Amino acid sequence: MRIAISSYTATSALGLGLKSIQEAINNSCSGLRSNDLKNCDLDTWIGRVQSVEATALPPHLDHLQSRNNQLAWLGLQQNGFLANVDQLIDQVGANRIGVVMATTTSSIGRTEEGYACMEPSGQMPKEYDQPEIHNLHSPGIFVSRATGLKGPSMTISTACSSSAKVFATASRWIKYGLVDAVLVGGVDSLCLSVMYGFNSLELLSPNPCRPFDRRRDGINLGEAAGFALLTKEELAPAAEFALLGYGESSDAYHMSHPHPEGKGALMAMEQALKRSGIPATEIDYINLHGTASKANDLIETYTLSQCFPTSTLASSTKGWTGHTLGAAGILESIITLESMLHGIVPGTLNCGEPDPEFRFPILKKNTKMLIRNAMSNSFGFGGNNAALIFGRIND
Amino acid sequence: MIKLDIAGLGVWSPYFSNWKEFSDGINTGCWQLNAKLQPNLIPPRERRRAPLSVKLAVEVMSQACEMACLDPANAAVVFSSAMGDMQITDYLCRTLSTPPRLVSPTRFHNSVHNATTGYWSIASHCHAATNAISAYEYTAPVAFLEAAIQALEEDIPVLLVTQEMAAPLALHDTCPSDQPFSCAMLLTPTGYFASPLASIQFSVSGDSVNWPDIPEDLRLNLESNFGARLVPLIAAVADHGFTRTILPVNLKFPLSSNSSLKLSVSNRK
């Protein structure tokens, strides 16, 4: 059984909805800006979404107020996504549609604010009395309420692989028959925890990030909200794309450094290929994890050389959006689907000269090509890896 | 109804440090507040850096694998906790509340929800899929469902962990847990092992149910711990070891305010 992708949308530093992605890629126009996040004086660049702060939640969701949920709400409004959810509810019923969200830091930005004005009693002030947001499932709670979906609801948080893994869980739930469809999503918003946390690991670049460039000097953090509806194929006759395979693995090596030979990453890619039944030679494009950290980019190219012919086009789109952490898997999957739709493979923005140490060629410039099948890679702290393969339904 | 087996169990709370102490406690009704924790599986380098949340999870996971005589490298993992490591969240939010906002890099990388599975995979040389999830107060039954579907759909053993740590004051209204509790359950497709501990049948329905009562002599601060919501299930398996309970035992757990997991625990077949 193939899993159809009946609808999707993404909001990131590039703007609201899918049109913003296509425009930014066609114009090679980055969404990164010099850091201007409130209360954060770090010398770095960020992929901030404009107008998050101005987004008002509807009255019945007002008690779930947080930057992360504002970003989720802003994202849900785009590309008629909520109307598509309603239509699917009419088709199969709200009980038969699950919700699997992803995040790394959930609504912790709001918790940070509450701590900054802590009462002498050691408790957050009354306006922060919001138990449903000070926990990791805040995005799942918010999206279930906002859509009226009543199927099982959970939130995955495995660092930067989180919103790739939502596709794997959704695939299992649908194939096993637990539900007929799943709303999957990833929402992560900029907050002090990630900014100062990555800074403590000396991973932030003071420049716009340069994935795979020989002068790359670290990552830029970003924020995004991405959503997709995955269904049994027969429920989405108009769907153009399907999830063909997924792979999930663990490095079993180090908490914050990838396995030196990319063992876990390779296992995830091989598993995804095996599940899809597609040979590596028929993957036309790979959207890489490509964070612009020294270690990731070197190891990821080595891993590719173990698995794919060098004719495979491979690029990182983090020069456009920054690293959106728990939203990266789904944001980059959606960028991949848009490339398949429009026939334009994104290059690697800000990559002037690929590192001569790489064992695999990196696509620098946008290239016109009809992609048959594509893969998207996501690797996270704790050695947590995921790879997804997408293809065309009417192939 | 969907069927699967429980092949191994591991538990830890301040009142019991393993399955035997838990089962003995259920049999005698006597509990002592002095459980020890010696997670020897974690290599020394990692052990120094690992927070209590990680040590607890690794301990119960290795107990469950040991009981089933399963090489830990062969099981996928679903770790679950509503809140993750609340001591680290508390530390980060306090440190970030005023300049210079300098956070410890080790505590930052330990703050990821999957820190438990990261250390576990290093300690047990496990390259399998590992997951870390939350469903707030419904975390434990939702994680059971996720682990069960993964075991059945992929035909593999899946190690489920349900855990919640003690909450710091500022997060206590969100998660009213006063003591840590951790439980690991090795779930397998029916017949994966010749003699599992128990067999389970379950179904999901769209109705509203209350949490089942935790047995009276087992109310060791567990009622308020989101990680301990499946205790009635493991108590039924433990009870059965002492033949106090006649199986099957039927239990209902809420998965949300409007859906439930109906579950029947029976003798191994």
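Two strands count as paired if DSSP finds at least two bridges between them. Helices (H or I, at least four residues) and strands (E, at least two) are themselves DSSP runs, numbered from the N terminus. In chain A of this predicted model, strand E2 and strand E3 (residues 45–47) meet that mark, pairing in the antiparallel sense over two bridges. The bridge partner of A:Ser34 in E3(A) is A:Trp45. These two belong to an open, three-stranded sheet with the order E2-E3-E7 and mixed pairing. Its edges are E2 (33–34) and E7 (221–222) of chain A, each of which pairs on one side only.

A word on bookkeeping: residues are numbered from 1 along each chain as its sequence is written, while chains are lettered from A and ligands numbered from 1 in the order in which they are written. As the model is predicted, local features need pLDDT of at least 70 and side-chain atom pairs count only at pLDDT 80 or more, whereas totals for chains, interfaces and linings use all residues.

Chain A as a whole holds eleven helices and 15 strands. Its radius of gyration (taken over C-alpha atoms) is set against a globule rule of 2.2 Å times the number of residues to the power 0.38. The value is 20 Å, close to the 21 Å that the rule gives for 395 residues, so chain A is as compact as a globular protein of that length. The C-alpha trace spans about 60 × 50 × 40 Å along its principal axes. Of the 395 residues in chain A, 64% are buried; a residue is buried if 20 or more other C-beta atoms lie within 10 Å of its own, exposed if 12 or fewer, and partly exposed in between, with C-beta atoms placed from the backbone.

A:Phe81, A:Val85 and A:Leu88 are its buried residues. Seen down the axis of H3(A), they fall within an arc of 60 degrees, so they line one face of the helix; the arc is that of the directions from the helix axis to the C-beta atoms. That buried set packs against several elements of chain A, including strand E1 (3–11), strand E4 (97–102) and helix H5 (138–147). On the face turned away sit the exposed residues A:Ala83 and A:Asp90. After H3(A) comes A:Gly93, with a positive phi near 95 degrees.

Helix H4 (residues 108–116) of chain A is another matter, being mostly covered, with eight of its nine residues buried. Among them are A:Arg110, A:Glu112, A:Glu113 and A:Tyr115. The cover comes from both chains: it includes helices H2 (67–76) and H7 (192–200) of chain A together with helix H4 (86–95) of chain B.

The contact between the chains takes 55 residues from chain A and 54 from chain B. Helix H6(A) gives the largest share of the chain A side, six residues. That side divides into 22 nonpolar, 24 polar and nine charged residues, where Ala, Val, Leu, Ile, Met, Phe, Trp, Tyr, Cys and Pro count as nonpolar, Asp, Glu, Lys and Arg as charged, and the others, Gly among them, as polar.

Strand pairing also crosses from one chain to the other. Strand E5 (residues 153–156) of chain A pairs with E3(B) in the antiparallel sense over two bridges, with A:Ile156 opposite B:Ile133. Within chain B, strand E2 (residues 76–80) runs parallel to E3(B), joined by four bridges; one bridge partner pair is B:Phe79 and B:Ala132. All five residues of E3(B) (130–134) are buried, with B:Thr130, B:Ala132 and B:Ser134 on one side and B:Asn131 and B:Ile133 on the other.

Elsewhere in chain B, B:Phe181 lies in strand E5 (residues 181–188) and is buried, with 27 other C-beta atoms within 10 Å. Leaving aside neighbours within four places in sequence, its contacts include B:Ser13, B:Gln163 and B:Leu222.

How values were computed: Two residues are in contact if their C-beta atoms, placed from the backbone, lie within 7 Å.
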